[in-house]
Structures are given as structure tokens and as C-alpha cells.
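I opened the model to look up a few things residue by residue. My notes follow in the order I took them.

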Amino acid sequence: QVQLVESGGGLVQAGASLRLSCAASGRTFSMYMMGWFRQAPGKEREFAGDITWSNGRTRYSESVKGRFTISRDNAKNTVYLQMDRLKPEDTAVYYCAVALSGTRYDYWGQGTQVTVSS
């Protein structure tokens with residue numbers, strides 16, 4: 001199994017930045033990809049972006065592309081989500097997840113709240 005713990009959420013004003021962290025433990029050697037998802041109140045969870053653990057390739061949803069950046073620290077088994085130029089519509093609970101293969105996400109963190117005020 002892989003355990004994930006997110007941190008770094010909070011309340012910020014529009015235009016500000018936040019950096020979320022997701023620390024993985026357990027069978028980290030088997031991680032293929034780590035992703036960030038978010039769920040706003042009353043909405044379904046949506047994909048924000050992901051990073052392939054071996055080569056660092058990243059992908060982003062259109063809603064965050066150009067504002068959010070995903071990076072990783074292999075030595076710390078940690079993935080980061082740098083969020084810049086935040087908007088009120090970015091308000092959500094943010095989750096990290098790990099995929100052991102390319103087919104699905106197998107483990108999820110508990111989530112961290114991000115609130116952006118206008």
C-alpha cells in the first residue's frame with residue numbers, strides 16, 4: 001500500500017499563490033504516476049494535473065494550465081502543486097492520488113482545503 005498525506009492548504013485572496021505538498025510512504029517504489037484532483041462544493045471531483053514519477057512528465061487540465069505547476073522530489077517521495085494567480089473558482093478540497101499503473105488511481109490522500117476569496 002501507499003499512504004498519502006497532503007498539506008499546505010489555506011485561505012488566500014484572489015491573485016495569491018499557494019503550494020500544496022503530498023508526501024507518500026509505504027510502497028513508494030511501485031508508484032507510476034501521482035495526480036492532483038479537486039472537488040468544489042456541490043461539484044464532482046475533477047482532474048487538475050499529474051506527473052509521471054519516472055520522467056517527470058506533467059499534464060494539466062485546461063482550467064489550471066499556465067497557473068499551476070506540478071513537481072516532485074524523488075528523494076522525499078513528495079509531489080508539489082504550485083498554484084499561482086489563484087481565482088475564487090479554484091476553491092475546493094484538493095486531493096493527491098497515486099497510480100501504480102497507467103490505468104487508474106489506486107490510493108488517495110485525505111484532502112486539503114483551499115479557499116480563495118474575491
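**Entry 1: Ser21 and its surroundings**

I began with the contacts of Ser21. Leaving aside neighbours within four places in sequence, Ser21 is in contact with Val5, Glu6, Ser7, Trp36, Thr78, Val79 and Tyr80. I took contact as heavy atoms within 4.5 Å. Ser21 sits in strand E3. Strands, labelled E, are DSSP runs of at least two residues, numbered from the N terminus. Ser21 is buried, with a relative accessible area of 17%. Buried means under 20% relative accessible area, exposed means over 50%, and partly exposed lies in between, with a 1.4 Å probe and protein chains only.

A note on the source: this is a predicted model, where local features need pLDDT of at least 70 and side-chain atom pairs count only at pLDDT 80 or more, while totals for chains, interfaces and linings use all residues. Residues are numbered from 1 along each chain as its sequence is written, and side-chain values use heavy atoms, with hydrogens and water left out.

**Entry 2: the sheet around E3**

Next I asked which strands form the open sheet, and in what order. Four strands form it, in the order E1-E3-E8-E7, and the pairing is antiparallel. Two strands pair if DSSP finds at least two bridges between them. E1 and E7 stand at the edges with a single partner strand each, so one side of each has no neighbour in the sheet. Neighbouring strands of this sheet are turned by 20 degrees against each other on average, direction ignored. For that angle, axes are lines fitted to C-alpha atoms, and angles run from 0 to 180 degrees between N-to-C directions.

I then checked E1 against E3. They pair in the antiparallel sense over six bridges. The bridge partner of Glu6 in E3 is Cys22.

**Entry 3: the disulfide**

How many disulfides does the structure hold? It holds one. I counted a pair of cysteine sulfur atoms within 2.5 Å as a disulfide. The disulfide joins Cys22 to Cys96, S to S 1.9 Å. The link of Cys22 and Cys96 is right-handed, with 60 degrees about the S-S bond. Cys22 lies in strand E3 and Cys96 in strand E9, so the pair ties together parts that are 74 residues apart in sequence. Cys22 is buried at 0% relative accessibility. Cys96 is buried too, with a relative accessible area of 0%.

**Entry 4: the nonpolar core**

I looked up the largest nonpolar core. It has 27 residues. Such a core is a set of buried Ala, Val, Leu, Ile, Met, Phe, Trp, Tyr and Cys residues joined through side-chain atoms within 4.5 Å. The residues with the most contacts inside it are Leu4, Met34, Trp36, Val79, Leu81, Met83 and Tyr94. Strands that each supply at least two residues of this core include E1 (2-7), E3 (18-26), E4 (33-39), E8 (78-83) and E9 (92-99). In soluble globular proteins, nonpolar side chains tend to be buried together.

**Entry 5: aromatic rings**

I counted four aromatic pairs. Rings of Phe, Tyr and Trp (its six-membered ring) pair if their centres lie within 6.5 Å; planes under 30 degrees apart count as stacked, over 60 as edge-to-face and the rest as tilted. Phe37 and Tyr105 have ring centres 5.1 Å apart and planes at 85 degrees, so this pair is edge-to-face. Phe37 is in strand E4 and Tyr105 in the loop between E9 and strand E10 (107-108), 68 residues apart. Tyr105 and Trp108 form a tilted pair, 6.1 Å centre to centre with 55 degrees between the planes. Phe37, Phe47, Tyr105 and Trp108 form one aromatic cluster.

Is Phe37 buried or exposed? Phe37 is buried, with a relative accessible area of 11%. Trp108 is partly exposed at 31%.

**Entry 6: backbone checks**

Most residues other than glycine have a negative phi. I noted Asn77, which has a positive phi of about 50 degrees although it is not a glycine. Asn77 is in the loop between E7 and E8. Arg85 also has a positive phi of about 50 degrees and is not a glycine. Arg85 is in the loop between E8 and E9. Arg85 counts as partly exposed, at 48% relative accessibility.

**Entry 7: Val12**

My last stop was Val12, in strand E2 (residues 10-13). Val12 is buried, with a relative accessible area of 13%. Not counting residues up to four places away in sequence, Val12 touches Ser17, Leu18, Leu86, Thr115, Val116 and Ser117.
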